[in-house]
Amino acid sequence: LLSLTPEQGEIFSGHLTVGDGRITYRSVRAKVYHKHDELLIISEYDALQLDQMNHEMSRLNQEISNLQRELIKEKQALGQTLAELSVSEGKYRRLFEGAFLGIFQSTPDGKLLRTNPAFAETFGYESPAELMRSVTDLAEDLYADPATFKRNAKQALVQNTAVDIEERFRRKDGTTFLAKLRKWAVQNGDEGPPYLEGYIEDIEEQKRMQAAVAQARKMEAVAVLAGGIAHEFNNALGGLVGYLDLLQLSFPHETTAAKYCTSMQTCSQKMVELARRLLAYAKGGKYQPRIHSLEAIVRQAVNEARTKASTTRRWVVNAQPCKRSIMADAAQLKMVVSVVLENAV
């Protein structure tokens, strides 16, 4: 049998199906030889049972089909997710790039990671790219006091809360400005170390305007107070001038008394003009414009300034006669001339 070869009598080569009582169908690959009128069946190997194989193949095909359907669904969902992410990223990018406030991201040790155009503009740079190239250390290059950055960065990381400060910062040209800064720590988890992000707002002009408004309110309060004082002062002066007139009438033949009364009336008139000046600046005060000779007002202002000035100073008035009249508040106009004269000396 061992020496039998196909050339010596192979009559069949293929599959035979037999039953053995336990397995209904069994596929056997065999070769049949003829030798001395006897059939010899030599089995090369046994295949899987047909029904089990068919069942297994059917199950596998079903699983493959299910897997393919799941993969198609996952692919569609992934495509939808990517599309939504693209839209969301576009919105975020537009918001980031077009924000009015300067937005930034940095490492805890002061290395800038990302900034928007407003941030670069705040510090005097033409673009974020130029700022990123020029600024190697955020604390040293942009903070007026580098120690401030280290303190608030540590606070944001340790306390894990947003930090709000008002601090002076340094522009590209070296000038400093006051700004409001808010920043917080972002924990990356397994993706990497934490980083800082936040925004900055230049409030130099805002603080200047606030100071101007506060000063205006203070001046308004002073004006109200001055107005009240001026009203009381003017009322008292009115009585004083009236009594001086009566006093002068009571001694018509006393030249000395008349001289003193005239001097007192002149001083009282100056005080009345001062009260009017206060009323003009006070809340609710009114100017009193009338037709005046410009030359007369100027000469009066010069004479008053001469009496107040040192006797060693020499005054020379070089003015041509002027008959032109103007509509003005005499007290205010004399004040203007007085200020000019004071600045001249």
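**Aromatic pairs in a predicted model**

**View 1. Contacts and overall make-up of the chain.** Of the contacts in the chain between residues at least 6 apart in sequence, 46% join residues at least 24 apart. The model is predicted, and its secondary structure comes to nine helices and ten strands. The chain has 345 residues, of which 25% are buried.

View 2. Eight aromatic pairs are found in a search of the whole structure. One of them is formed by Y143 and F149, with 5.6 Å from centre to centre and 70° between the planes, an edge-to-face arrangement. Y143 has a relative accessible area of 2% and is therefore buried. F149 is likewise buried, with a relative accessible area of 2%.

**View 3. The pair W184 and Y199.** The ring centres of W184 and Y199 lie 6.5 Å apart and the planes meet at 65°, so this pair is edge-to-face. W184 belongs to strand β7 (residues 176-186) and Y199 to strand β8 (residues 195-202); the pair links distant parts of the chain, 15 residues apart. W184 is partly exposed, because its relative accessibility is 26% and the class lies between the 20% and 50% limits. Y199, with a relative accessible area of 26%, is also partly exposed.

**View 4. The aromatic cluster around Y143 and F149.** Y143 and F149 belong to one aromatic cluster, together with F104, F119, F123, F169 and F177.

Notes. Residues numbered from 1 in each chain as written. Predicted model: local features only at pLDDT ≥ 70, side-chain atom pairs only at ≥ 80, totals over all residues. Heavy atoms only, no water. Phe/Tyr/Trp six-rings, centres within 6.5 Å; stacked < 30°, edge-to-face > 60°. Buried < 20%, exposed > 50% of the residue type's maximum accessible area, 1.4 Å probe, protein only. Helix = DSSP H or I, 4+ residues; strand = E, 2+ residues; numbered from the N terminus. Contact = heavy atoms within 4.5 Å.
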